[in-house]
Every structure is written in C-alpha cells, then in structure tokens.
Amino acid sequence: MQASRARLFKEYKEVQREKTADPDIQLACDDSNIFKWTALIKGPSETPYEGGVFQLAFAVPEQYPLQPPQVRFLTKIFHPNVHFKTGEICLDILKNAWSPAWTLQSVCRAIIALMAHPEPDSPLNCDSGNLLRSGDIRGFQSMAKMYTRLAAMPKKG
Amino acid sequence: MHIVEILTWGSQKQNKEKNNLKHKREKWTTGEESIEGRTTRQTRIKDSGCGRSSGRESAKPRRRKSQKKGRVGSFLHKTSDRQHRERRVFVAAAAMDSEDYMYDSDAEETTYDDDDLYYYSDKEEENIAVGDDDDESRRNKKAKQSYIVLKESDIQQRQENDITEVSNVLSISKAAATVLLLNYNWRACDVQDEWFADEERIRKKVGLFEKPVFLLPNKLGKVELTCSICYENVRVSMMGWVSCGHPFCRECWEKYVSVAIEDGVGCLTLRCPEHRCNAVVDRDSIDLFAKKEDKERYLQYLIRSYIESNKRYKWCPGADCEYTVEFCEGGDDECYDVCCHCNNGFCWNCMDDAHRPVDCETVAKWQLKNSSEAENTAWLLVNTKPCPKCGKAIEKNQGCMHMTCRKPCGHEFCWMCLGTWKEHGERTGGFYACNTFQKNEAEGKYNEDEDIRKRAEKHLEKYTHYYERWAGNESSRKQAVKDLKQMQNDYMVRLSDLRGATDAELKFITDAWLQIIECRRVLKWTYAYGYYLPEDGDKKEKSKKGFFEYLQGEAESNLERLHHCIEKDIHNYLNKERPEEEFKNFRAKLSSLTTVTGNYFENLVKALENGLEDTSSQEACSSQEASSKIKSRTSKKGRKDYG
C-alpha cells in the first residue's frame, strides 16, 4: 500500500476510535477519497469566533506526511491570517515549518490556536490586520463577530 | 602597429600606479624556483595553521609566478636590437617632450629595474610580439591569465581539505565540520572563531546536539516503538535518529531525506522530522539513510554550495560544462574574460559571453535592449521580482506580502516595496497598503521604463543597424565554431592523408579558425560599443567615433579576407592533387592573414579599452599618418606574402 494511504488510514482509525477525545474537532474523511478530508472546528471561547462552527477542507498530497496537507476555510471568516475570499490560511506549519510528525488532527488544533492568537504582522486579510495593528481591537472584534454570526452559526428559524 | 605604440605611450603615465603593482608581482616571480602551481597551493593550505583564506592569499603570488616566469626570462633575452631600434623610431615619431625622452633613453642603457621602465618594456614586448612572432604573442596571452579552470575533483579535494582541517582543529567528526562550514559560508576561520568563543551557542544554532533530548529505552533490540511518520510499530534496531535521538523508521527516513533532496539545496540544512526539533541531519546520516542516487545529488549540492558561497569560484556557464573557474583578483587590469576548457569564453564579472573590449555595463544594457521584446523577459518583468538580497527572480503565486526567499537565502521582504520585512512592523505605521510603494510612484521613479521605450523608438533605425551586425557576427561566430569542428573531424584527416602532413603541420588551419572565432566575438561586441558611442558630441567625440569606425572597418575587412580565404580556398586542397608548392603558398597566406587579422583586432581592443583616448586632434592626425603607413606596409607585405 502507498505510504501516504497507509498513514491516512491509521489516522482515520485513530479518529474513529477517539471521536469524543477532542470535542472541538470533528474530522471526517471523504467517502470516496481518502485524500480529501473535511473538519468542523468550534470557534475558541473568549474570541469573536466563539459559538461559531467553521468548516475546513483538507487536500492531502501524495507525499504526505513528508509534505503538508493543503488546508482552507470553507466557512467565511474575518481573520488577519485567512484570505477573506479563498479561505487560504497563512500558517508556518502548513508551509516551511511542516514536520511529518504532525497529523490532520494536530493541524486542526494549530488552526484553532491561530484563531485565538492572530498574527497581524503577516496578514492575508489586510483590513483585518490593519484594524489589529492600529490597536482598534473593538473594531476588529465586532467585524469578526458579525461574520461569525453571518456565516458560522446555524440560522435560526 | 604604430598606433598602438602611441596609445601605450600616452596611457603610460596614467597607469603608473597599476604598473607599480604589476612590477611588484613580477618581482615575486624572478627569485623563486618553479613549482607546479596547484601543488604549491595545496601544501600551503595544509601548512597554514588557521584559515583557508590566509593560506590561499599567500599562495596567490606564487602561482602567478609559475605562469609568468617564462615571460620574464624570455623578455630579458629577447630585447633584441630590433626592438631598441623600433622604440627609438617610435619615440621620435611621437615627438614626446624631452623629459620623457630622456627617461626613456636612460632606460635603454641601464638594467630593467625601474618600475616604470619595466612596465614599459613589458608592454612593448607585447606590442612587438603582436608584430610578427606568433609564439611570443601566445605566451603573452597565457601570461595574462588570472584564473584557473578546475575540475570537479579539484573542488572536491579542496572542500575535503577544508573539512578535514576544521574537523582536526575542533576535534569533531567530519560530518559535523561540514555542518559548521555550511553554516559559515565555508569560511574555516569564522567557524573556528565562533566555535571557540561559544561552543554551546553554536551547537544549538546549527543543530549539533551533544546529548540526545529523546532518551531511548535501555533494552534495545526487540523493543518496538511507534514511528511518528508512518505510525507503524517498528523495532528499535530498524530505526534511525540523529543527534537529538528522535527515532523514526528507516523507510520513513529514506523518504524524508529523498523529498528534501528533491526539493533542492535546502537539504543541506535538513532538520530532524520531529516537530520543532532543531537537530541537523548531517552528512553521515544522509549516507546512512539515503538511496544511492540521492546521495549523489546531495554531494552535488554540497559542492555547489562550496562554489556558490565562495566569491573566487564560479561555474562555467557553458551548456553541460562541469568545470569551475577560480579567479584571482588583482590580475590584469579589468580583464575579466575567462576561457574555460570547454572552449566557452565568458566574462567573470557579469557571466555573459566574453565581451572584451566592451565593458559589462554596456553589454548588460545591450542584452537587455535585445531581449526587451522577448516574451520571456516580458513575462519575468511582469510577473516576478528579484529577491532584494540574492537577486533570484521570484514569482508570487499566493499568500501575503510577507515573502521568504528560498533556502539558503531565506531573506524576508515585502513584495510591495521589496524592503526588508524587519522594517514592516509597527515602524512603517502598520498599514498594509505599503507606503514606500506609493512614495516611489509619486516621485515618478516608475516612469523610467517609459522613457526608455520612447528613446528606443527614436533610435530604432540606428539600433537595427547595429543589432543586425551584432547578430550577424554572432551567427557567423557560431557557424565558425561548427566549421572548426567539422574541420577537425573531417577535413583535417583528409588533408593529412592527402598531403602526408602531420597534425602539427596543419595546425595553422586550426589557428586560423580559432582566430576567426575570437575576432567574430570581438567584432560582435564592438557593434554594441558603437551603438552606445555618443553621436552628436563635440569635435573630440566626433573624432573618437571616426577613429573607432576606422579601426573597426580595418579589422573587419581583414577578418573578411581571412574568413573567405579559409572557407573557400581550402576546398582546392581537399580533393584534387595540387602541387606541393601551391599548398605551401596557401599555408603562408593563411598564417600571415591570421597574424595580421589578430594584430588589427588587438589594436582595436586596446583602443577601445583605452576609451579611444589619445585622439585629440594632433594625435588623431599622427595616428592617421601612422595608420596609412601601416596600410602601405601591410599591403606591401601582403603582396609579398600572399604571392
């Protein structure tokens, strides 16, 4: 069996076994393709994303885990390090700081951490970055909260 | 010939300082015995306790000696009466002021100790040599070399020496020494200084752990651990680790290393696969884990890094050429032309084709001009920006403005303004519509391209004229290279069989072709030079242009004669039996055409390298006289020689 497939299969088993281990992350493999995954992550508490559920899409390369998976937000999110239109994520571990010891699960955890601690110094979303860098925390939070409500929360009624 | 002599004389004073230097170098050469250049270098390197650089510096003058020695000796003997006579004639003709004249006449009686005198004689020898003695001129050309062409094995040897030295001095493994050298651009001195200043810090920085941070269970062998790459349980005996101790299975190691090597030169500073572990994967580990072909590629990268981080080495840019060239600064003034063993001539300074006598700046301008419409360049200009540190073209295909150049450069910069990223924190005001960019635009810096385009349109006609000739000579040169190959592979054999001539006897044909190739190259570049020569300047500028065109014309017409002679006339001797006498004449004609053409080009090159100075009205007159003399003389000679 292909090494990447074997490893993904192991991760799949692990996810099945410990479904409840991390209530913030629901990782699921595409029914027909083990190289496509989706995840639902809960917005961390005490952030403008609290209460939202965000969907991530993983595209795993053939060389995985020697090369990082490509991850993007499917749910619209207002965050300095996430592209507002494409959902692309600027995170070092998904680029040059990738280590094969990471798993899809741990990537999700890293993304949750990024949501709680944005890095406005290398922004993909300039508006969001500029709000934070100019010290307008309130402005940033209300924008982020608004988009969380608009896009990441189940519509009532 | 006279023209050159006058120019030499005129520039003599200006060059005084250079000459002094030159003389000092020569002095090195006279006293010592001849030792093979390379062996000297290597023993030297070993001897010098600390520091490759210091060792090599000191080796330099010695090496020059082995090249120049013959020249000094031969010069002292060969200053024949004829040369004395010629010099006197020339001094009189040039009508120099009395002081200079005295100086010179003094010199003729005394020995050749004086700095200036030495230079003068040296230079004169060149001129004389250019005259008729072919051997002499070749020796001079050789003596001018300020570079060595090295095989890959030579480089490997030097690299190995450096590694061994560091490994011995620091008492560490060779692999560790390699890691250190890689981190300090292969400067052994820096490595040693830093290491002895703070070993612990350096170990941490480069990732050489003294003790493993991950402790393996005591009972090895049958114990199984989970490899955190493939998640399989593997026996410890089937696992591997670097200085940090994080175990991974051999299979994963092999793939991990393979992917990194595939990815490029960054594999030289590969780290342990464990998350945020800084331990370096050194050469020994690569040897242990990698596949054979990956190991070979790794070694290639290692050599590449050695050459690229050392300013004295450069790859020959020729296609499929494996040689490296070492250039010694302080060689012949501003002559950067290098000829590799693969017969590819290139300029050390700008890495373009060899372009003596035209300077690098002109060549760059010219090349840019030529390619301004090429799709490639247009695409590069539109879609890429050069890394502000290493200059490699970078295409931005995604992500934020925070760019990080590929390893080993790793420079972080802003895509918008190309400023370093460090300045993009709070200090720029923290807004991402990068303000530096707008400032530039407001100042109109970006209008430069527009200006260039307008000028290009205006001068299009002029440009076409020069470009056609430039390109024509280039294609002619390429054809000549092909013809030479055909000549060597086919015609020479036939000729040799037909005439019963030895290879040495037929060498004049190869010489002629080589001369043609060289001349086409020079001629090509003179057209780039001509294009940039100011057109409507004052009287002096105009006379310069006139002088240039005169020299160029003379050189070109001679080259055409030579090229025609070898291309057409040679066929007469390939098939039919021609009388021996006729072939002899052909040989005489071709050899002398080769020499004469060579001289014309030498003159042209020297004149251009002097920036066509010395063409003030008076001298221009005398040079015209002189050249008309040459003309009559060569044509006389021509008639005599060519029968």
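I take a contact to mean heavy atoms within 4.5 Å. With that rule I looked up Thr594(B), which touches Asp511(B), Ala512(B), Gln515(B) and Leu562(B) when residues up to four places away in sequence are not counted.

**Ground rules**

I keep in mind that this is a predicted model, in which local features need pLDDT of at least 70 and side-chain atom pairs count only at pLDDT 80 or more, while totals for chains, interfaces and linings use all residues. Residues are numbered from 1 along each chain as its sequence is written, chains are lettered from A and ligands numbered from 1 in the order in which they are written, and side-chain values use heavy atoms, with hydrogens and water left out.

**Thr594(B), continued**

I found Thr594(B) in helix H23 (residues 580-609) of chain B, where helices (H or I, at least four residues) and strands (E, at least two) are DSSP runs numbered from the N terminus. Thr594(B) is buried at a relative accessible area of 8%; I use buried for under 20% relative accessible area, exposed for over 50% and partly exposed for in between, with a 1.4 Å probe and protein chains only. From Thr594(B) to Asn558(B) I read 9.0 Å, C-alpha to C-alpha, for two residues that are 36 apart in sequence.

**Chain B as a whole**

I noted 24 helices and 13 strands in chain B, and 46% of its 643 residues count as buried. Among its contacts between residues at least 6 apart in sequence, 63% join residues at least 24 apart. Chain B exposes about 34,500 Å², of which carbon and sulfur atoms supply 50%; such areas come from the Shrake-Rupley method with a 1.4 Å probe, and for residues only the protein chains shown count as cover.

**Helix H13 of chain B**

For its 14 residues that gives 20 Å, and the end C-alpha atoms are 20 Å apart, which agrees. Among the buried residues of H13(B) are Cys252(B), Trp253(B) and Tyr256(B), and what covers the buried residues includes strand S4 (239-240), strand S5 (248-249), helix H14 (283-289) and helix H15 (292-308) of chain B. After H13(B) comes Gly264(B), with a positive phi near 130°.

**Cysteines**

How many disulfides are there over all chains? I count 0, taking a disulfide as a pair of cysteine sulfur atoms within 2.5 Å. For Cys244(B) the closest cysteine sulfur is that of Cys277(B), at 3.6 Å, which is too far for a bond; Cys244(B) is buried, at 0% relative accessibility.

**Salt bridges**

I count 30 salt bridges over all chains, each being a side-chain nitrogen of Lys or Arg within 4 Å of a carboxyl oxygen of Asp or Glu. One of them joins Asp22(A) and Arg109(A) at 3.5 Å, N to O. This pair links distant parts of the chain, 87 residues apart, with Asp22(A) in the loop between helix H1 (3-17) and strand S1 (25-29) and Arg109(A) in helix H2 (residues 104-116) of chain A. Asp22(A) is buried at 16%, whereas Arg109(A) is partly exposed at 45%.

An α-helix has 3.6 residues a turn, so residues three or four places apart point the same way. Glu518(B) is partly exposed at 36% relative accessibility, while Arg521(B) is buried at 9%.

**Backbone exceptions**

Which residues does a cis peptide bond join? I found Tyr64(A) and Pro65(A) joined in this way, with omega about 5°; Pro65(A) lies in the loop between strand S3 (53-59) and strand S4 (70-73) of chain A. I also noted Glu46(A), a residue other than glycine with a positive phi near 60°, in the loop between strand S2 (36-42) and S3 of chain A. Is Glu46(A) buried or exposed? Glu46(A) is exposed, with a relative accessible area of 77%. Met351(B) is not a glycine either, yet its phi is positive at about 65°, and I read Met351(B) as partly exposed at 29%.

Technical notes. The expected span of a helix is 1.5 Å times one less than its number of residues.
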